[in-house]
Structure formats: C-alpha cells, structure tokens
Amino acid sequence: MPCRSSDELNTLVAKAKKCAKSGKVADYIPALGKANQDDLSIAIHYPDGRCISAGCIEKRFTLQSISKVICLALVLIDRGSNYVFEHVGMEPTGDPFNSIAKLETMSPSKPLNPMINAGALVVTHLIKGNSVEERFQRLLSFIHELTNDSTINYCEEVARSEFETAHLNRALCYFLKQHNIIEEDVEQLMELYTKQCAIQMNVLDLARIGLVFALDGVDPLSGKQIMPPDVARICKTFMVTCGMYNASGEFAIKIGIPSKSGVSGGIMGAVPGKFGIGIFGPSLDEKGNSIAGIKLLELLSKNYKLSMF
Ligand SMILES: NC(=O)CC[C@H](N)C(=O)O
C-alpha cells in the first residue's frame with residue numbers, strides 16, 4: 001500500500017533531513033553553490049491525479065543530469081533506438097559521471113551509456129533541429145508536454161555559470177569529436193547542453209514526469225501517449241542500471257526504484273505502473289547524489305515495499 005498522506009511524508013522528510021548535514025552542495029558549477037544545504041522536499045504523483053507532498057515544494061531547481069533521461073527519450077523518438085545505440089552504448093561504467101577514463105581505453109571510443117556526461121553529450125548532439133535554439137525549444141516543448149506546464153524554462157544564471165566553467169565537458173566533447181562520434185562545433189553543443197541542464201522546475205513537475213515514465217509513456221490525466229512504451233522502458237532500464245551514477249548498484253539493492261539524479265540535488269523516481277516521485281535535496285554525497293534524498297527514498301521503499309525486485 002503506497003503512502004497516501006502528506007503527514008506520513010512529513011514524518012519521513014523530518015527523519016531523512018538529518019543526514020543533509022553530512023553532505024555538501026555542489027559548487028563546481030559556481031551558481032549551484034548558492035543552494036540551501038538543509039532543503040528537502042518531495043512530491044508523489046498518482047495516476048488518479050492525486051499528489052501528496054512535503055517540504056519546500058514550490059522551490060525550483062535545475063534538472064542537471066535528470067535532463068539526460070528526458071533528452072534520451074526525445075532522441076529515441078527522433079531517431080529510433082538502432083541509430084541512437086550506434087552512437088552510445090548500454091553498459092554501466094562504475095566510474096564517476098564526468099570521467100574520461102573509459103573513453104580512452106575503449107575501442108571504438110563511443111561512450112558506454114547515455115547517463116554519464118560523455119554519453120549525454122552525444123545524445124544532446126543528436127537532438128534534431130536546424131539551430132541550437134530550435135533544438136532547445138524542441139526539448140523544452142517535450143518537457144512542457146510531460147509536465148503540462150508551458151511556463152517551464154531554463155535558468156540563465158546556472159546555464160551561464162556552467163558554460164563558463166565546463167572545461168571537463170569541453171574536453172569530453174573534443175575527444176568525441178577527434179574520434180568522429182560527434183561532428184558539431186563544441187561551443188555550440190556546450191551551449192545546448194548547459195541550457196538543457198539548467199532547465200528548472202519544482203518537485204511537483206518532476207513527479208509528474210516520473211509518473212509518465214512509470215506508466216509506460218502515458219499521461220493518465222490527458223490519456224495521451226507522450227512517448228512510445230518502448231522508449232519509456234529503455235529509459236527506465238537506464239535509470240536502474242546507471243541513473244544514480246556509480247552508486248546505481250547499491251541503490252538498486254537498497255531501494256529498487258528506477259531513478260535519475262542530478263547534481264543540483266534533484267531525484268526523479270518512477271515506480272513502474274504505480275506513481276512518479278520528485279525529490280529536491282541539494283546536499284550531496286561523495287558520488288554526487290542527494291544524500292537526504294536517497295535516505296528519504298530508502299525510508300519510502302522500506303515502509304511501503306516499493307522495490308521492483
Ligand atoms: N551529474 C550531473 O548532474 C552533471 C550535470 C552537469 N551539468 C555536468 O555536466 O557536469
């Protein structure tokens with residue numbers, strides 16, 4: 001029986017919040033360093049339209065790596081899975097999300113999966129459109145459809161802050177370009193990627209996107225099939241195998257919910273067939289996942305037996 005009341009959620013948030021102190025807000029993207037370490041909020045969106053929540057649910061945050069799974073869905077729709085997987089692999093790496101190591105040792109040097117930065121840059125490169133602006137607007141429109149909220153946009157300050165400091169991501173792009181995995185101008189791709197990562201929303205919106213993935217691509221409120229079931233299935237599989245970076249194995253064992261995190265402290269969860277979860281807690285553990293957010297998911301999963309395994 002899933003959690004049905006915001007009171008129950010409030011109790012779990014209060015418990016999980018205690019471990020926020022032992023984490024750290026990301027500051028390698030300088031604008032993210034302004035976040036409040038103690039924030040923790042959650043929303044759960046059910047197929048009948050009911051939404052329960054706790055914490056500072058109106059606060060908006062940038063998607064960062066959560067955007068990778070949404071972008072992957074769009075590109076799978078745009079190009080089909082055969083084409084996409086000619087350019088990016090399907091295997092977890094066990095390395096940090098921004099690592100360049102495997103690119104150098106693998107042959108051909110195509111990135112191992114779309115959830116690490118190298119793979120996500122390739123996926124962003126594959127968004128169809130004639131200009132950065134057109135490609136970005138297509139991704140944004142897809143997000144508007146998923147959330148049913150056409151006011152969602154990106155945070156210029158965070159996008160600029162990442163664009164000015166993303167030396168490692170630029171290095172990944174140049175490596176990929178040298179090996180003919182990407183063709184476009186690196187600065188152009190970085191502009192698109194940093195805007196994508198800076199798309200901002202609150203936990204209610206994020207839970208709604210999680211719900212669409214949970215329900216195999218259907219938005220239960222409009223009845224519309226927003227993405228083919230196969231696309232939702234592929235994305236959820238990556239969320240299980242690579243969604244929490246190099247903590248995905250432990251997360252699958254302890255929590256067992258397809259999830260995707262980002263360094264701003266967001267986590268999107270999709271409990272298959274049941275509901276969507278949005279979490280925001282900017283204090284991160286050493287692997288770059290929301291420390292209190294993971295604790296909160298662990299409490300939820302144990303209390304309500306949510307593991308899919
Ligand atoms: N793990 C993350 O959320 C990383 C996203 C961030 N924009 C980066 O590319 O470094």
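**View 1. Asp219 and its surroundings.** The side chains of Asp219 and Ser222 make a polar contact of 3.2 Å. A polar contact is a pair of N or O atoms within 3.5 Å; within protein, one must be able to donate a hydrogen and the other to accept it, and residues adjacent in sequence count only if both atoms are side-chain atoms. This is a predicted model: local features need pLDDT of at least 70, side-chain atom pairs count only at pLDDT 80 or more, and totals for chains, interfaces and linings use all residues. Residues are numbered from 1 along each chain as its sequence is written, and side-chain values use heavy atoms, with hydrogens and water left out. Asp219 sits in strand E7 (residues 218–219). Helices (H or I, at least four residues) and strands (E, at least two) are DSSP runs, numbered from the N terminus. Why does Asp219 count as buried? Its relative accessibility is 3%, and buried means under 20% relative accessible area, exposed over 50%, partly exposed in between (1.4 Å probe, protein chains only). Leaving out residues up to four places away in sequence, Asp219 touches Arg208, Val212, Lys224 and Ile226. Contact here means heavy atoms within 4.5 Å.

**View 2. The ligand site.** The ligand is surrounded by 13 residues, each with a heavy atom within 4 Å of it. The closest are Tyr28, Gln64, Ser65, Tyr193 and Tyr245. The protein covers 99% of the 300 Å² of accessible area that the ligand has on its own. These areas come from the Shrake-Rupley method with a 1.4 Å probe; for residues, only the protein chains shown count as cover.

**View 3. The largest nonpolar core.** This core holds 50 residues. A nonpolar core is a set of buried Ala, Val, Leu, Ile, Met, Phe, Trp, Tyr and Cys residues joined through side-chain atoms within 4.5 Å. Ile70, Phe213 and Met227 touch the most other members. Elements giving two or more residues include helix H2 (66–79), helix H10 (203–214) and strand E10 (266–271). H2 gives the most, with nine residues. Domain 1 and domain 2 each supply at least three residues. Beyond its neighbours within four places in sequence, Phe213 contacts residues including Val69, Ala73, Met227 and Met268. A second, separate core of 29 residues includes Leu9, Leu12, Val271 and Leu296.

**View 4. The two domains.** The chain is assigned domain 1 (6–61 + 202–304) and domain 2 (66–197). These bounds come from an automatic or database domain assignment. The C-alpha centres of the two domains lie 21 Å apart. Their contact takes 33 residues from domain 1 and 31 residues from domain 2.

View 5. Arg170 lies in helix H8 (residues 167–178). Arg170 is buried, at 13% relative accessible area. Apart from neighbours within four places in sequence, Arg170 contacts Phe163, Val186, Glu187 and Met190. Ala31 belongs to the loop between strand E1 (24–25) and strand E2 (41–45). Ala31 is buried, with a relative accessible area of 13%. Leaving aside neighbours within four places in sequence, Ala31 contacts Glu157, Val158 and Ser161.
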